Amino acid sequence: GFSYSHFLRIMNEPEKAVTISRKGEYGWDGWLGCYMANFPSDNMSILIMTQKKDSGTFGLTRKIRNIILA
């Protein structure tokens, strides 16, 4: 459901996502585990800072994100 532009992921089709998502959400998943998601329609941001080599978006990040958005 994501497209990519300007080094950010942008949610265009939430029904295709594997996590709970919102249309218009955008953000970044860093190689060392840093994660940022902005939800303009909800006036909310999520920022998770982790130093874990080669982790990208790992299980804990997805769980925290789903709890917040549920």
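Student: What makes the 5 strands an open sheet, and in what order do they lie?

Tutor: In this predicted model, the strands run in the order β1-β2-β3-β4-β5, with antiparallel pairing. The sheet has edge strands, β1 (2-5) and β5, and each of them pairs on one side only. From one strand to the next, the twist averages 20 degrees.

Student: How do you know that β4 and β5 pair?

Tutor: Count the bridges. Two strands pair if DSSP finds at least two bridges between them. β4 and β5 are joined by 5 bridges, so they count as paired. They run antiparallel. One example is Tyr35, whose bridge partner in β5 is Ile48.

Student: What does α1 pack on, and how is it directed?

Tutor: α1 packs on the sheet and touches β2, β4 and β5. Its direction makes about 160 degrees with that of β5.

Student: Which residues of helix α1 are called buried?

Tutor: Thr61, Arg65 and Leu69 are the buried residues of α1 (residues 59-69). The cut-off for that word is under 20% relative accessible area.

Student: Why is Ser21 called buried?

Tutor: Its relative accessibility is 12%. Buried means under 20%, so Ser21 counts as buried. Ser21 is in the loop between β2 and β3 (26-29).

Student: What makes the link between the side chains of Ser21 and Arg65 a polar contact?

Tutor: Set the distance against the limit. A polar contact needs N or O atoms within 3.5 Å, one able to donate a hydrogen and the other to accept it. The side chains of Ser21 and Arg65 are joined at 3.3 Å. The side chain of Ser21 also reaches the backbone oxygen of Thr19, at 3.2 Å. Leaving out residues up to four places away in sequence, Ser21 touches Met11, Pro14 and Arg65.

Student: How do you know how compact the protein is?

Tutor: First, the pattern along the sequence is β-β-β-β-β-α. The radius of gyration is 11 Å, close to the 11 Å the globule rule gives for 70 residues, so the protein is as compact as a globular protein of that length. Buried residues make up 29% of the 70 residues.

Notes:
Residues are numbered from 1 along each chain as its sequence is written. This is a predicted model: local features need pLDDT of at least 70, side-chain atom pairs count only at pLDDT 80 or more; totals for chains, interfaces and linings use all residues. Side-chain values use heavy atoms; hydrogens and water are left out. Buried means under 20% relative accessible area, exposed over 50%, partly exposed in between (1.4 Å probe, protein chains only). Helices (H or I, at least four residues) and strands (E, at least two) are DSSP runs, numbered from the N terminus. Contact means heavy atoms within 4.5 Å. Axes are lines fitted to C-alpha atoms, for helices over the stretch in contact, and angles run from 0 to 180 degrees between N-to-C directions. The radius of gyration is taken over C-alpha atoms; the globule rule is 2.2 Å times the number of residues to the power 0.38.
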